[in-house]
Amino acid sequence: MAGTSGPAMASFSVCNATGYPTLVAFGFFDGEEWSSQGWWRIDAEGCAELSSDPLVGRYYYLYAVHEEVGGSWNGNRSFCVGSDAFRIRGRSDCLAQGYDRKGFYQVDTRDATEWTETLSD
């Protein structure tokens with residue numbers, strides 16, 4: 001029996017299960033260097049694909065903030081962030097480069113090819 005198989009799907013997405021819009025930043029290692037990217041605005045009860053590239057690592061990092069009411073999802077892994085849309089290579093000397101430094105939390109994808117992280121209150 002012959003069969004066909006489509007291309008392997010791979011992505012990292014974030015869903016916002018709260019009642020408020022959130023802004024999300026994404027930290028990752030691309031196989032050569034650390035980078036951070038943002039901001040995605042995710043409406044209440046909405047989702048966004050942060051990367052459609054194949055997941056090359058087990059661990060990814062997120063920082064998110066409620067856009068209207070404050071409060072954040074953060075952690076102890078530092079990455080650089082910009083005030084507007086950004087893609088920053090490296091994660092050191094943030095302030096010297098004109099960026100802020102935020103603590104991101106670690107997401108363990110368990111080497112999955114696709115991952116959806118859900119933000120909730």
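Conventions. I number residues from 1 along each chain as its sequence is written, and side-chain values use heavy atoms, with hydrogens and water left out. Because the model is predicted, local features need pLDDT of at least 70 and side-chain atom pairs count only at pLDDT 80 or more, while totals for chains, interfaces and linings use all residues.

Entry 1, disulfides. I searched the whole structure and found 2 disulfides (a disulfide is a pair of cysteine sulfur atoms within 2.5 Å). With bonded cysteines counted along the chain, I noted the pattern 1-2, 3-4.

The link connects distant parts of the chain, 32 residues apart: C15 is in strand β1 (residues 11-16) and C47 in strand β4 (residues 47-51). Strands here are DSSP runs of E, at least two residues, numbered from the N terminus. The S-S torsion is about 105 degrees, so I recorded this disulfide as right-handed. C15 is buried at 16% relative accessibility, whereas C47 is exposed at 53%. Buried means under 20% relative accessible area, exposed over 50%, and partly exposed in between (1.4 Å probe, protein chains only).

C80 lies in strand β7 (residues 77-81) and C94 in the loop between β8 (86-89) and β9 (100-108), so the pair ties together parts 14 residues apart in sequence. I noted both C80 and C94 as buried.

I located E114 in strand β10 (residues 114-119); E114 is partly exposed, at 43%.

Terms used
Helix = DSSP H or I, 4+ residues; strand = E, 2+ residues; numbered from the N terminus.
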